[in-house]
Amino acid sequence: MDKRKAVSFITLVVPWLTVPLLGKKSFVRFLPAATFIGYFFSILSEIAADRKWWKVKNALFPRYRQDFSYLLGLFFIVTLWVYKLTYKSFFKYLLLNAVIDYIFIFYIVKYFTKVRVFEFRKMRPKHFYFLSITMAAIIYFYQKIVERVIVQEVKKEKEYIATK
């Protein structure tokens, strides 16, 4: 297996090995936000490919412009872990996201570029960093809305059952 395939495979599979440590309750609780941000970055990846902001050279899925091994692996699972570790504190959440995004964008991407899995082209890393932090803030409040709706639905269900 060449380096590109190995990196893509590790990026997809290894994060999923941590899911049992995350717990079923946390996985289900934060699934909407992780899925939402995954969809958003999928759409953004399509736009990026057209505008040549970055280039994905994903060896596992060579016919696709998106890096599914990253979106469905590392990115998805790290999003769940960040929520589990920090959700009740927006400041901690944003700080941890800022640190993780910084490490990823300014260090890990250098390695991905070296092994030819990913590279920035017209978009500068600092712009992608700003975009990532902005989206982290947006999905935090998205998760808050999702939880508020769920609590309201559970309350309605209990009221309905109590009236029977």
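In the predicted model, Trp 54 and Phe 118 are both buried. Their ring centres lie 6.2 Å apart with the planes at 40°, and the pair is therefore classed as tilted. Because Trp 54 belongs to strand S1 and Phe 118 to strand S2 (residues 118-120), this contact ties together parts that are 64 residues apart in sequence.

A second tilted pair is formed by Phe 106 and Tyr 129, whose ring centres are 5.9 Å apart and whose planes meet at 55°. Here the pair ties together parts 23 residues apart in sequence, since Phe 106 lies in helix H5 and Tyr 129 in helix H6. Phe 106 counts as partly exposed, with a relative accessibility of 23%; Tyr 129, at 22%, also counts as partly exposed.

In total, 29 aromatic pairs were counted. Ring pairs link Trp 54 and Phe 118 into a cluster with Phe 40, Phe 41, Trp 53, Tyr 70, Phe 75, Phe 104, Phe 112, Phe 120 and Phe 128.

The structure contains one cavity of 30 Å³ or more. The space in the largest cavity amounts to about 220 Å³. Its lining comprises 15 residues, of which Trp 54, Tyr 70, Phe 104, Phe 118 and Phe 128 are the closest to the centre. By class, eleven residues of the lining are nonpolar, two are polar and two are charged.

At least two lining residues each are supplied by helix H3 (24-51), strand S1 (54-56), helix H4 (68-86), helix H5 (90-114) and helix H6 (125-163). Helix H5 provides the largest share of the lining, with four residues.

Key: Residues numbered from 1 in each chain as written. Predicted model: local features only at pLDDT ≥ 70, side-chain atom pairs only at ≥ 80, totals over all residues. Heavy atoms only, no water. 1 Å grid on protein atoms, 1.4 Å probe; cavity = no way out; pocket = protein on both sides within 12 Å on 5 of 7 lines; lining within 4 Å. Points joined across faces, edges and corners; volume = space filled by probe spheres on them. Nonpolar A, V, L, I, M, F, W, Y, C, P; charged D, E, K, R; others polar. Phe/Tyr/Trp six-rings, centres within 6.5 Å; stacked < 30°, edge-to-face > 60°. Buried < 20%, exposed > 50% of the residue type's maximum accessible area, 1.4 Å probe, protein only.
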